[in-house]
Amino acid sequence: MQYTRKMSKQTKHKSRFTHPWRVWAIYMVLAANLSEQQELKQACPSCDAAQLCNCSSMGLDFIPPGLTAKITVLNLAHNRIKHIRSNDLQQAVNLRALLLHSNEISSIDEDSFQSLAKLELLDLSNNSLTHLSPVWFGRLFSLQHLHLQGNLYRDLGESSPFSSLRNLSSLQLGNPQFSVIRRGNFEGIELLNKLWIDGRNLNQYEQGSLKLVKKIKHMIINLRNSSIFSEIVRDLLYSVTWLEVREIKLAVETKSLVQNSTPPFRMQKLTFKDAFCTDQSLSRMLVLLKSITSLRQLEAVDCVLAGKGEWDMKEIASSGQSLVETISIINVAIQKFHLFFDLYGIESQVNKLKRLTIASSKVFMVACSLAKHFSSLLYLDFTDNLLVNNRLCETICEGAWPSLQTLNLSQNSLKSLKETAKCISRLPKLNNLDISQNNFGDIPDACAWPKNLKYLNLSSTQIPKVTTCVPPTLEVLDVSANNLKEFGLQLPFLKELYLTKNHLKTLPGAAPIPNLVVMSVRRNKLNSFSKVEFESFKRLELLDASDNNFICSCEFLSFIHHQAGISQVLVGWPDKYICDSPLAVRGAQVGAVHLSQMECHRSLVVSLICILVFLVILILVAVGYKYHAVWYLRMTWAWLQAKRKPRRAPPKDICYDAFVSYSENDSNWVENIMVRELEQACPPFRLCLHKRDFVPGKWIVDNIIDSIEKSHKTLFVLSEHFVQSEWCKYELDFSHFRLFDENNDAAILVLLEPIQSQTIPKRFCKLRKIMNTKTYLEWPLEEEQQQMFWENLKRALKS
C-alpha cells in the first residue's frame, strides 16, 4: 500500500513535469505551420487560400512551403527552381495541374510526386533533366498529359518510364540531345491522342519501338535523319491516324515504306512541315506513298523544293493510281520558280483527287490541259496567290474542273468582278464561291454566274453597293468589310446574310429577303432597331448586331426588355451591346440600362407643361380681364410714380379750384346744375371735369393724377351710383394715393342721396373713415335749402 502511494506520487510528479513539454511541442508544430503559410503568402501572394496558385515568373529558386490540399492548380513556370524535394508537394494531395516548365530543374527526389494521385497534367519541359526515372511517375495514376520536351536526357533509359501511366492521353518528349529510341521505351502505353517527339538529332531507332502503342490519333516527330524515316513509318502503319513529320530533308529513298506489312493500315493523313526536298526525292516519295493504301490526305506546309519540276513521270505513272483524295500545299517555296515546268505528265495522278488546296504559293495559273483532268475534284482552294483575270480564264477553261462545287479565290489579284463571274460561269456544278479580299472596287449591274451558285463571299472587295449582279439563287451572301450604306437586294432564297464592318444605319428590309435565318450587322453604324423591324423577319433565328453605337432610347430599351427570347436571338448578348448615348449611360450594357418615366416621355412631359402653362396664362388673362388686373397693375405703377413726385404741387401749377369725381349716372346734376352754379358764380370757380378737360390721347391714369395735382380741391359727388361704379373706384383709389395720404382737408364730399354704410365696398376704407370723421355736404331736395348748400360748397372750395 505504501509502495502504491509512492508510485502514485511519482506518476503525478512526472505528469506535472511532462505536461509543459507537450504544450510546447504542440505550440512549435502550430508555429511551424503558421510560418510555412506565411512563407507561402510572401513567396506567392496569389496562393493565399486559392484553388489556383500562380507563382510563375517570380524568381523562385525553390518550391514555396505551405502548399495545402485546397490547391488544384500550381503554376511555378519561368522560375529558377533546380531541385524538387520529397516533401515539397507532400500536402498538395488534390493537385490537378502542376506546371514546372522553363526552370532549371536538374534533379527530382524519387518520391516527390508520390502524393499526387489526382494529378492530370505535369509539365516538366525546358528544364535540365539528364534522365527520366520511372519512379517519378509510379503513383501518378490519373495523369493524362505529360510534357518532357526541352531537357538534357539523351534517351528514355533501358525500359519504359511511362509503364504505370495507364490514363496517359498526350505525351511530349525529346530535345536537341535526344538521339536514341529503344525497344520497350513505350511499354505500358496503349492509346494516345497526341504524341510529340523532338527527334531532330535522332540517329538510332530500334525497329518495333513505337509498335507497342496500339493507337495514336496524331503523332508529330521532328526528324532530320531521313534514313530512319521509313523504319518509323513502318512501325506506325497500324497505329497512327495522322503522322506529321517536321524538319526532314528527304533523300532518295529506296526501301519500301510498307516492307513486310500487309493492309489494312490505319494511317490516313501525312503532313510534311518545314521539309526540304529535291525533284528526285519528291518524285520517289510520291511513288512510295502509294503503297500506303489507307493514305487519303497529303499535306505540305512551309516546305522548300530545290528543283524545277523535273519529276520522273514515267515511274510515277507506272506505279499505279494514287488513292490520295486531299492534297494541301501551303506556303511552299520553289527555289527555281522561274524555271518550274507545267507538271506535264502528272495528269494520270489527279483523276481521283477530290480536294486540292494550294495556298500562299505564288500560283498564277493552271494549264488548261491539266485542269481538264481534275475530273473528280470537288474542292479547290487558291487562297493568297497571284491569279489575275486573264490567267483565271485560262485556268478555268471550257471543260476544266467539271465536278467542282467549292472554289476559293480569296486574296488574289482579281480586278474585274464581271470578268471573274464570266470565267467562273463555266463551272456548271459550282455552288460555293469565295472571291473575298480582291480589289474589285466597282460592281456592274449584271453578271453571269453558275446556275446553281448558293454561297458567295464578296467580303473586303471594296464594292460600294450591291446590285443585281449578285445572283438571285444565293442562300448565303457575305459582303462584309465593304462600303455599303444600304442593302435592299431581292434575294428570295437567302438564308444567311453577313454585313459586318459596313456603314449601315438601319437593318435591311425584310420583304426582299423573306427566308432569312441568320444575319450579321456587327460593327456598322446602327443606332437601334425597332420591334417592327425585328419582327418583320419571320424566320430569323440569329442576329449579330454587336459592336454598334446604340442610342439607348426609351423605345429601343422597351423593345429589348420586353421582347421574348431576345437573348437567344442576339449573338454576343449582352456583353457586346453597349450604349453610346445618352451620355449618362454611355459604356453600359444595353440590357442593364433602365431609363426613368421622365426620360422616356420627355416630349409628352414638355408638351403637358407647355399646355399647362398656356392654360394658366389663359386663365390669368381671363381673370385679369374680368377683374381688370391690367388696369390695377398700371394703376399701381402710376401710384409708384406718383409717390416719387413732390408731396404737393407748387402753387403756380394749380389750374383748377376743384377736380370733380362723379358717376356717369349723376352727370346731369353735375354738368347742368353744379357746374353752372359754380362756374357762373362771382367770382367763378374753375372746375376740372374728365369729359371736358382731360387731354385727348393721354392715358386715363395720367390724366387723373395730373388733374388732381393741378386742382386745389377734389370734389366727390357721392351717390349709390358712385360706390357701385368701377370707374369711380379707380378715381377714388388714385385720389387716395396722393391726396388722402397728404391732407384729408383737400377732399370735399357731396352726397346727392343718402348712402348706407354697408353698401360702401370694403376697399373704400378711407372713404368710410372720412365719412365717419368729417362733415360732408348733403344735397337737399327742398329748393329753399339749396341756396344754403351752394354757399357752404363755395365756402369749402375757397378754404
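**Entry 1: the model.** I noted before anything else that this is a predicted model.

**Entry 2: the cores.** I looked up the largest nonpolar core and found 171 residues in it. Phe-113, Phe-186, Phe-272, Trp-401 and Phe-529 touch the most other members. I then picked Phe-113 and listed its contacts beyond four places in sequence. Among them are Ile-84, Leu-89, Leu-98, Trp-136, Arg-139 and Leu-140. Another core, of 23 residues, lies apart from the largest one, and Val-660, Ala-681, Val-750 and Leu-797 are among its members.

**Entry 3: strand 34.** How many of the residues in strand 34 are buried? I counted five of five in this strand, residues 747–751. On one side sit Ala-747, Leu-749 and Leu-751, on the other Ile-748 and Val-750, and both faces are covered. The split into two sides follows a general rule, because side chains in a regular strand alternate between the two faces of the sheet.

Next I checked the partners. Strand 33 (residues 711–718) runs parallel to strand 34 and is joined to it by five bridges; here Val-717 stands opposite Val-750. Strand 35 (residues 777–778) also pairs with strand 34 in the parallel sense, over two bridges, and there Val-750 faces Leu-777.

**Entry 4: salt bridges.** My search of the whole structure turned up 21 salt bridges. I wrote down a few.

- Glu-677 pairs with Lys-794, their closest N and O atoms being 3.6 Å apart. Glu-677 belongs to helix 14 and Lys-794 to helix 20 (residues 783–798), so this pair ties together parts 117 residues apart in sequence. Lys-794 is buried, at 16% relative accessible area, while Glu-677 is partly exposed at 26%.
- Lys-698 meets Asp-706 at 2.3 Å, N to O. Asp-706 counts as buried because its relative accessibility is 17%, under the 20% limit; Lys-698 is partly exposed at 35%.
- Asp-198 and Arg-200 meet at 2.9 Å, N to O. Asp-198 is buried at 7%, and Arg-200 is partly exposed at 25%.
- Asp-155, Glu-158 and Arg-182 are linked in a network.

Entry 5: Where are the cis bonds I noted? One joins Pro-263 and Pro-264, with omega about 5°, and Pro-264 is in the loop between strand 13 and strand 14. Another runs from Cys-682 to Pro-683, with omega near 0°; Pro-683 lies in the loop between helix 14 and strand 32.

For positive phi I noted Gln-411, at about 60°, in the loop between strand 22 and helix 7. Asp-547 has a phi near 60° too, and its place is the loop between strand 28 and strand 29. Gln-411 is partly exposed at 33%, and Asp-547 is partly exposed at 36%.

**Entry 6: a surface patch.** Last, I looked outside. Leu-604, Leu-608, Ile-611, Phe-614, Leu-615, Leu-618, Ile-619 and Val-623 form a nonpolar patch on the surface, with about 760 Å² of accessible area together. Val-623 lies in helix 12 (residues 602–626) and is partly exposed at 41%.

Technical notes:
Residues are numbered from 1 along each chain as its sequence is written. This is a predicted model: local features need pLDDT of at least 70, side-chain atom pairs count only at pLDDT 80 or more; totals for chains, interfaces and linings use all residues. Side-chain values use heavy atoms; hydrogens and water are left out. Patches are made of residues with over 30% relative accessible area and no salt bridge: like charges are joined within 9 Å, nonpolar side chains (Val, Leu, Ile, Met, Phe, Trp, Tyr) within 5 Å. Accessible areas come from the Shrake-Rupley method with a 1.4 Å probe; for residues, only the protein chains shown count as cover. A salt bridge is a side-chain nitrogen of Lys or Arg within 4 Å of a carboxyl oxygen of Asp or Glu. Helices (H or I, at least four residues) and strands (E, at least two) are DSSP runs, numbered from the N terminus. Buried means under 20% relative accessible area, exposed over 50%, partly exposed in between (1.4 Å probe, protein chains only). Two strands pair if DSSP finds at least two bridges between them. A nonpolar core is a set of buried Ala, Val, Leu, Ile, Met, Phe, Trp, Tyr and Cys residues joined through side-chain atoms within 4.5 Å. Contact means heavy atoms within 4.5 Å.
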